[in-house]
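Take a walk through this model, one region at a time.

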2 protein chains.
Amino acid sequence: MQEAGRVYNFNPGPAALPLEVLQEVQREMVNYKGCGYSILEMSHRGGLFDGILAKTEATFRELMGIPADYEVLFLQGGASLQFSMLPMNLMVPGKPALYADTGTWASKAIKEAKLLGNVKVVFDGKKQGYRQIGDFSEWEGVTREASYLYICSNNTIYGTQYHFFPELDSVPLVADMSSDILSRWVNVPKFGAIFAGAQKNLGPAGLTVVILRKDLAGRAPATLPTMLKYSTHMADKSCYNTPPVFAIYVMGLVLEWVKSQGGLSAIEQVNNAKAASLYERIDATDFYAGTCEPADRSKMNVTFRIHREELEEKFVKEAAAQGLVGLKGHRSVGGMRASLYNAMPLAGVSALIDFMTAFEEKHR
Amino acid sequence: MQEAGRVYNFNPGPAALPLEVLQEVQREMVNYKGCGYSILEMSHRGGLFDGILAKTEATFRELMGIPADYEVLFLQGGASLQFSMLPMNLMVPGKPALYADTGTWASKAIKEAKLLGNVKVVFDGKKQGYRQIGDFSEWEGVTREASYLYICSNNTIYGTQYHFFPELDSVPLVADMSSDILSRWVNVPKFGAIFAGAQKNLGPAGLTVVILRKDLAGRAPATLPTMLKYSTHMADKSCYNTPPVFAIYVMGLVLEWVKSQGGLSAIEQVNNAKAASLYERIDATDFYAGTCEPADRSKMNVTFRIHREELEEKFVKEAAAQGLVGLKGHRSVGGMRASLYNAMPLAGVSALIDFMTAFEEKHR
């Protein structure tokens, strides 16, 4: 247990947020900075919210190094809606959309894209049980005559993560970064589009961020429904209709917290240290085993098993009793999963490692 | 000024919420009911959230009298996304969708529906500047061979509201109730579908509620994107993907507050009294004038002018200085608008009336 009776929350998302952010939300809840009403009651057409939105976007651009020819959109519907919205806007007739299938979320994106146009799966990770991402040079059917190349940068369920990004000349690279955005430095100009549900590293559920190279919005057919066109939200600065005011406000506070921690490179260093120490513990004995190819392991979602499967339920339950919650693996893969998003402190990982060692000693 | 330095917030949405609700959100923010984490960090796949979602739905069903053959869906994207999603799901080939155009939000819905299929506008309020809704018997081109009949039950911008609901045999009546849901009793079984953005009477922005007669979900074509199909969200009880957890939680608290006030009929009585006293003040002298046909006046958004237009800006400014904020009319119609959603107490309306009288005496 930590301050204020709080536990270490290893859930895969919605996930842990910095305590300082929650305390600020709490302080300001009834009367936002003395304006006389709550952030929950704030009009999205007023100066106060304009300021919150502008500052959130500016800090996000600063932290991620997003250039001026990219738009930042604050939308709703989660990454799942982007699985459709993205091909609706970016598919070019006659040019296939290339997809790498690295697990559940990529598979879902492929399913939606196939409803809308011509899709080519250039990497099928299913053959290896999604344990690896493989070399881009070995992907099959890659063509420069493509609408875009789609990847899911981190695979929450299988615990893999891209540690390279494919480059394909002028074909825009598109990434679902829901579960590792703002956890490490990425070179935004290498991408045509990046999208992410906020509920892991950015804020609460109910907000989806899209980073889009502006010229790509021009691809959308005129007949697309207004709300499903990126250009609509670009033209109205994410206020075509009422945006998720509160979630944007919390994201703004989370970004300030990232800055206070030293920015993205400092956050990345801590994330590297957290993942390295946990994988080191997993690899130290045969009691625990990682589930993925070491080269492709995720620094956000560390998946592992116990050599005697019947101990896994006990592990999850006893850990929870000690204030380490959310460690159950996804039902489709079993085992354990420790999600180490930005707001999980090194101390939380140390507490988990200590628990693992004690648990092993008891059950070896 | 009221308790906790709060003002009376007459904004059209996002809008005022009950102070008790905000205080409970504040109390529970850092550690939800002692579970060790915040509602903002809560997994949507856990028992705690299951309980919140189930209770919110049950209370909503109880308050509105929603029968078992209707589904309640908790979605994202606002009413604006429903303008597309609804025709995508409910249009039947060969049968036109009938729309009544009573102002901006209905007009936007018509624009989206026209992108998707055959639309017949059976009432065009534009001719009278959207000052009235008119008699259903005088609407033109109404046919029983229709996919559905669409209305916007309350028109936030023009200040009109339906005080009858059209009936057309087996043609499903569909209503955008964003700005008057839960403000008065409606007979849900008379409707095929009702939808509403939460940010007026239900909770914060970022949540859209859909009440749908279950059989109608079967109309959707199989090729519709998964996230845009009502049947997807029905099958997964609004948890196909991560729902807006926090907004659902706040809506649950708002519903409990409505119950504590005596339920929907008690709320409706207060709403009637609020609107009646304000319209009475408007009509009492020629200094102020309502903008709509008295028979079609909204009890949620009271729109009015001052006989000398140059005083209107002064009115809005001086009112704000006295803690009565958000009274500026929509830019497309000018004048003043007082939004009297459920959370606006009678005392707030009395304060506004007192201000109006004092303002008139000064500027008569």
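**A residue and its surroundings**

Set aside the neighbours within four places in sequence, and B:Ala338 is in contact with B:Phe10, B:Leu278, B:Val302, B:Leu327 and B:Leu352. The model is predicted. B:Ala338 belongs to strand β14 of chain B, residues 336-339. Is this residue buried or exposed? B:Ala338 has 29 C-beta neighbours inside 10 Å, and 20 or more count as buried, so B:Ala338 is buried. Another pairing spans the sequence: B:Thr303 is 35 residues from B:Ala338 along the chain, yet their C-alpha atoms are separated by 6.5 Å.

**The sheet in chain A**

Now turn to chain A. Seven strands form an open sheet there, in the order β2-β10-β9-β8-β5-β3-β4, and the pairing is mixed. Which strands lie at the edges? They are β2 (70-75) and β4 (119-124) of chain A, each pairing on one side only. On average, neighbouring strands of this sheet are turned by 15° against each other, direction ignored.

Look at one pair within the sheet. Strand β3 of chain A, residues 97-101, runs parallel to β4(A), and 5 bridges join the two. Within this pair, A:Ala100 stands opposite A:Phe123 of β4(A). A helix packs on the sheet as well: α4 of chain A, residues 104-116. Helix α4(A) touches β3, β4, β5 (148-152) and β8 (173-176) of chain A. The direction of α4(A) makes about 155° with that of β3(A).

**Two helices in chain B**

Two packed helices are described by the angle between their axes and the distance between the axes. In chain B, α3 (residues 78-90) and α4 (residues 104-116) pack at an angle of about 40°. Their axes are 9 Å apart. The two helices α3(B) and α4(B) are therefore oblique to each other. Their crossing is right-handed.

Which residues meet here? From α3(B) come B:Ala79, B:Ser80, B:Phe83, B:Ser84, B:Pro87 and B:Met88. From α4(B) come B:Trp105, B:Lys108, B:Ala109, B:Glu112, B:Ala113 and B:Leu116. By class, this contact has 8 nonpolar, 2 polar and 2 charged residues.

**Where the chains meet**

Last, the contact between the chains. Chain B gives 56 residues and chain A gives 56 residues. On the side of chain B that touches chain A, the elements giving two or more residues are α1 (19-28), α3, α4 and α6 (245-260) of chain B. The residues on this side of chain B divide into 27 nonpolar, 26 polar and 3 charged.

Methods. Residues numbered from 1 in each chain as written. Chains lettered and ligands numbered in written order. Predicted model: local features only at pLDDT ≥ 70, side-chain atom pairs only at ≥ 80, totals over all residues. Pairing = 2+ DSSP bridges. Helix = DSSP H or I, 4+ residues; strand = E, 2+ residues; numbered from the N terminus. Axes fitted to C-alpha atoms, helices over the stretch in contact; angles between N-to-C directions. Contact = placed C-beta atoms within 7 Å. Parallel < 35°, antiparallel > 145°, perpendicular 65-115°, else oblique. Left-handed = near helix turned anticlockwise from the far one by under 90°. Nonpolar A, V, L, I, M, F, W, Y, C, P; charged D, E, K, R; others polar. Buried ≥ 20, exposed ≤ 12 C-beta atoms within 10 Å, placed from the backbone.
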